[in-house]
Amino acid sequence: MSSWQEGDVTVAGVRLHYTRTGGAKPPLVLAHGVTDDGPCWTPVAESLAPDYDIIMVDARGHGFSDAPATGYNLATLAADLNGVITALELQQPIILGHSMGAITALALAGLYPAVPQAILLEDPPAWWFPAQDAPDLVGMRAWFLEMKQQTRDELLNGQRTATPHWSEAELTHCADSKFRVNPRSVQLFEPGISDSIPWPECLPRITCPVLLITADPSLGAIVTPEAAQSLQ
């Protein structure tokens, strides 16, 4: 990990931070979920680094990237990620995204179909699904406020209780990311934001292989069988 690189790329005037394992290997871009950041992928990156050049990107408003006043919508997040890929001259990378990062990867594959070699979507919000409920903006704002008022120990203990199977490294990176996320990121859940992507036109443009990774909704996963079938 000591040899990993850190850097910044400016996309449309916004500085975006990344961490990279490096090496002459196939590029694999990791896109994190809301309130997380690139370092949250560290245990995954350590496992995959022998075979891939891992690039962990901090989305706008997260981690060590800029937090502009606007731009927290899927079209812009996809453009940001595409901008990093272009600036780093990554040739058809695989993109693995979790939650917000997953729906961003899906949007990117439709808006820029020649860019990804393949995309892996870990539990994305099913905003392509007509029956999907509107995001709970009030609830998300309350969650952000509660999170920002907690100490590091409180965040660690709360996450440890919620996910007792997580390693200490996962818990630590998760807790630390909450101090870096900017409250402006909650704009992603404003009404109509998911409509920034015309899904009926966007999805048929995807030509790369797509892997949807889901889990049991009763255990906290958010992709239902109906939403998975709709995407397929």
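A12 lies in the loop between β1 (5–11) and β2 (14–20), where strands (E, at least two residues) and helices (H or I, at least four) are DSSP runs numbered from the N terminus. The model is predicted, and local features need pLDDT of at least 70, while side-chain atom pairs count only at pLDDT 80 or more. Residues are numbered from 1 along each chain, and side-chain values use heavy atoms, leaving out hydrogens and water.

Most residues other than glycine have a negative phi. A12 has a positive phi, and so does E89, which lies in the loop between α2 (74–87) and β5 (94–98). For relative accessible area, buried means under 20%, exposed over 50% and partly exposed in between, with a 1.4 Å probe and protein chains only.

| Residue | Phi | Relative accessible area |
|---|---|---|
| A12 | near 50° | 78%, exposed |
| E89 | about 55° | 63%, exposed |

D53, in strand β4 (residues 53–57), is buried, with a relative accessible area of 3%. Leaving aside neighbours within four places in sequence, D53 is in contact (heavy atoms within 4.5 Å) with residues including R20, T21 and K25.

The axes of helix α5 (residues 152–162) and helix α6 (residues 168–180), which are lines fitted to C-alpha atoms over the stretch in contact, with angles running from 0 to 180 degrees between N-to-C directions, come within 9 Å and cross at roughly 130°. In this contact, residues of α5 including L155 and L156 meet residues of α6 including L171 and F179.
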